[in-house]
Amino acid sequence: MARPRATTKRRSTIVIDNIRVLLADDQELVRYGFRLMLEANPGMIVVGEASDGTQAIGAVGRLRPDVVLMDIRMPGVGGVEATRRITELYPETRVLVITTYDLDEYAFGALDAGAAGFLLKDTRPDDLVAAVRAVHSGDAVVSPRITAKLIEVAAPHLLQRRTLDADEALNALTPREREIFVLIGRGETNSEIATTLHLSESTVKANVGRVLAKLGLRNRVEAVIRAYESGVVGQ
């Protein structure tokens, strides 16, 4: 009599890829607080800390984090220059700049340096985690409150940056791409844009990529500035 064949159940396991974060701030207590907030969430791991820009650049080279939380004002090499060097040397690493409540001129410099977004130091833990996840996934963190302050600081620079080529690039956008460009300028995420336009997030993501490419922009933060600069938002 043939023996019944034994069957084994395979356990399904869910593997969470950790988002590797580097903390760059000259205040140890601030770094400690951010570490506690981040590591309280599954899928978040702080791989290193730096107390100035020089240390941050070196740590990114050694540890290759996915995201850097970068303070603006640090001794020696500050956050703006550190952001510039990191985005040039390690473009796969996203830099999320940490600002005080009153955004200053250094924040605009960080934008030009390639920062993927801005956080306020008084941000809530849930918002901090959401911001790190957003920039890691290729989105940007530009809240309406920060956008307003950023535009206020950036205003003296906007007319200097406007060129005929920039206007022609805007005209090259399709009607759908222009719709999405306006919503990016208003600070909406891919998920929010998808809801507004009744599209899938993958479709929105593809369109966002085309908008950035046509306008020669590095990230969504620059797209927000361009939207105000060109007048499609804020008028």
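Predicted model: local features only at pLDDT ≥ 70, side-chain atom pairs only at ≥ 80, totals over all residues.
**Entry 1. Helix 11 and its end**

I began with helix 11 (residues 220-230), where 10 of the 11 residues are buried, so this helix is largely enclosed by the rest of the structure. I took buried to mean under 20% relative accessible area, exposed over 50%, and partly exposed in between, with a 1.4 Å probe and protein chains only. I took helices (H or I, at least four residues) and strands (E, at least two) as DSSP runs numbered from the N terminus. The buried residues of helix 11 are Arg220, Val221, Glu222, Ala223, Val224, Ile225, Arg226, Ala227, Glu229 and Ser230. Just after helix 11, I found Gly231 with a positive phi of about 90 degrees.

Residues are numbered from 1 along each chain as its sequence is written, and side-chain values use heavy atoms, with hydrogens and water left out.

**Entry 2. The chain as a whole**

I counted 11 helices and five strands in the protein chain. Of its 235 residues, 48% are buried. I then looked at contacts, defined by heavy atoms within 4.5 Å. Among contacts with a separation of 6 or more, 70% join residues 24 or more positions apart.

In what order do the five strands of the open sheet lie? I read the order as 2-1-3-4-5, with parallel pairing. Strand 2 (44-50) and strand 5 (117-120) stand at the edges with a single partner strand each, so one side of each has no neighbour in the sheet. Neighbouring strands are turned by 25 degrees against each other on average, direction ignored; for such angles, axes are lines fitted to C-alpha atoms, for helices over the stretch in contact, and angles run from 0 to 180 degrees between N-to-C directions.

I next examined the pairing of strand 4 (residues 94-99) with strand 5, which is parallel over four bridges. Two strands pair if DSSP finds at least two bridges between them. Thr99 has Leu120 in strand 5 as its bridge partner.

I then turned to the helices against the sheet. Helix 1 (residues 28-39) packs on the sheet and touches strand 1 (19-24), strand 2, strand 3 (67-71) and strand 4; its direction makes about 165 degrees with that of strand 2. Helix 3 (residues 79-89) also packs on the sheet, touching strand 3 and strand 4, and its direction makes about 160 degrees with that of strand 3.

Strand 3 and strand 4 pair in the parallel sense over five bridges, and Val68 has Val95 in strand 4 as its bridge partner. I also checked the burial of strand 4: five of its six residues are buried, so strand 4 is largely enclosed by the rest of the structure.

**Entry 3. Met70**

I looked up Met70 in strand 3. Is Met70 buried or exposed? Met70 counts as buried because its relative accessibility is 0%.

Most residues other than glycine have a negative phi. Arg64 lies in the loop between helix 2 (53-63) and strand 3, and counts as partly exposed at 44% relative accessibility. His198 lies in the loop between helix 9 and helix 10, and is exposed, with a relative accessible area of 73%.

**Entry 4. Asn207**

I placed Asn207 in helix 10 (residues 201-215). Asn207 counts as buried at 7% relative accessibility. Leaving out residues up to four places away in sequence, I found that Asn207 touches Arg176, Glu177 and Ile180.
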